[in-house]
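The sequence and structure are shown first.

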Amino acid sequence: MKLHDHFRTFLEDFVNLNATRLDLLENSIEAVKTAVKASSWEAKIIDFAPQGSWAHKTIIKPLPDKEFDADLLVFVEAKEDWTAKEYVNKLANALEANATYADKIRRYSHCVTIEYACDRRIDIAPCVVDRTYRGQYEVCNRGTDMFEQSAPKAYTDWVIQKNSIAGGNDLKKVTRLLKYLRDIKTNFTCPSFLFTTLLGMQIYSSDKDSSAFADLPTSLKTLVGRLDDWLQARPNVPHVSNPVLATENQSRGWNESTYSNFRDKINLYRGWIDDAYDETDRDESIGKWQRVFGDNFAAGEAKESARISEAVAREDGAIVVAGQYQDLVQKVIAIGGRALPARLTKLPYINRPKWRRAAQQSQLTVNIIAALYPSEYGQPICAVQSLDPLKSGYWVKFTAMNVTGVPFPPDYIVKWRITNTDKAAYDAQQLRGDFYDSDKGGSRMEHLSYRGVHFVEAFLIRRGDSRLVGQSQPFYVVIM
């Protein structure tokens, strides 16, 4: 499902840099421009221009305890006697003489950075114009003391042109979403400049008014699919030229390992995105989009879905509202598994499996047996069956077994998905739905705490390649 409203809210609340921060950034930028103009820096200033994510409108909200930055280019006339590093060093010296910025200045390879006390920084990069020929732009590498060819304005124009083709300016929105994905997953690296180019390369002039960019979710599916196809056709680190400056290889920071990892992760997330997009069940689709973008996607609807007794009351008011059953627990005790709502195991806050599934012929049967304990370390009281009504305060030990009733050998890892439902767990903020390790030998102990119909599932992972080779049926735990 496309879930347009949730995508819109997700961007506004969690991905886009909020208006307050943007206003603060704009005000800081203007103050910096004034300070540079009034400083003792001897370079003759031609103009200033935004660069990078700020210029391309792909800047995103930083994660907690992280900062966001904006790149500001200052175009200057060439000074005959200055080397590349002098443009940067002298700019830093001039700003350090300003009391407002003296303790905020840092020097990097191509820029002078102002680091503010809150969550932002401004990178000011000198760009020398017409040094050896008319129309030449060069940034200054302080480390190598070399001038480097650049085409900042042309690149920004290229991004804007690509964005104009992709539906409702969807290139910038998709880029923001994928940068957010990169930052929350932290399991692949791709600089924003390179990421923007790779995505822009997947948009063609023939895409204007194409159904491939009909809306944001479709644009996301299209661009990630095309990027994955492009990467899979290139098993080794490709040369990615700056589209407006052929001499610049934007992929030079990758080695074979980091590129292979990026290629693998984009392939994985492409499958997840396609799965969420194609899913026709709303609960399942929300859960699958959360697998891609985390719990903040459609968080409100996902959590509210856990109040399953209230949902049953709305669906079957004649039974529940009339008072025959207080809640789903009573209904299950009275009539058994027939009382279970079809959507119970599809609730959107439940984490979807993140392992690649092994081939069908490699799939194994996984069963769960359970026993009741008086405490975490006591002796077992009795065996427990799925849907047995149990009192809170006890413990249950779950064990994953193969088809012959034997635990799995060490070649396999058993992960447990523990899901709580209904009002008591909701009120205690203990809905869970996460994956947990086994305690020992493919078993896990769980405390019985909250009234409701909960469930436990075992997932079998092959150690050698981390493939999912088996998944149990839900074991329903009914706590009175």
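What pLDDT does the chain average, and what share of the residues score at least 70? The average pLDDT (the predictor's confidence in each residue, from 0 to 100) is 94, and 97% of the residues score at least 70. The model is predicted: local features need pLDDT of at least 70, side-chain atom pairs count only at pLDDT 80 or more, and totals for chains, interfaces and linings use all residues. Residues are numbered from 1 along each chain as its sequence is written, and side-chain values use heavy atoms, with hydrogens and water left out.

**Overall make-up**

The chain has 480 residues, of which 50% count as buried (under 20% relative accessible area, with a 1.4 Å probe and protein chains only). Its secondary structure comprises 15 helices and 19 strands, which are DSSP runs numbered from the N terminus (helices H or I, at least four residues; strands E, at least two). The C-alpha trace spans about 90 × 50 × 45 Å along its principal axes. Of the contacts (heavy atoms within 4.5 Å) with a separation of 6 or more, 67% are between residues 24 or more positions apart. Over residues 317–322 the pLDDT stays under 50, and the model has 10 contacts beyond four places in sequence for this stretch.

**Helices H1 and H8**

Two packed helices are described by the angle between their axes and the distance between the axes. For H1 (residues 4–15) and H8 (residues 216–232), the axes come within 9 Å and cross at roughly 80°. H1 and H8 are therefore roughly perpendicular to each other, a term that covers angles of 65 to 115 degrees. On the H1 side His4, Phe7 and Leu11 take part, meeting Leu216, Pro217 and Leu220 of H8. The residues of this contact divide into 5 nonpolar, 1 polar and no charged.

**Two residues**

Glu248 belongs to strand E9 (residues 245–249), whereas Gln430 lies in the loop between helix H15 (422–427) and strand E15 (432–437). Their accessibility classes are tabulated below; partly exposed means between the buried limit of 20% and the exposed limit of 50%.

| Residue | Class | Relative accessible area |
|---|---|---|
| Glu248 | buried | 17% |
| Gln430 | partly exposed | 33% |

Leaving aside neighbours within four places in sequence, Glu248 is in contact with Phe193, Val240, Ser241 and Asn242. Gln430, not counting residues up to four places away in sequence, touches Asn420, Ala425 and Tyr450. Gln430 and Asn420 are 10 residues apart in sequence, with a C-alpha to C-alpha distance of 7.0 Å.

Key: Axes are lines fitted to C-alpha atoms, for helices over the stretch in contact, and angles run from 0 to 180 degrees between N-to-C directions. Angles under 35 degrees count as roughly parallel, over 145 as roughly antiparallel, 65 to 115 as roughly perpendicular and the rest as oblique. Ala, Val, Leu, Ile, Met, Phe, Trp, Tyr, Cys and Pro count as nonpolar, Asp, Glu, Lys and Arg as charged, and the others, Gly among them, as polar.
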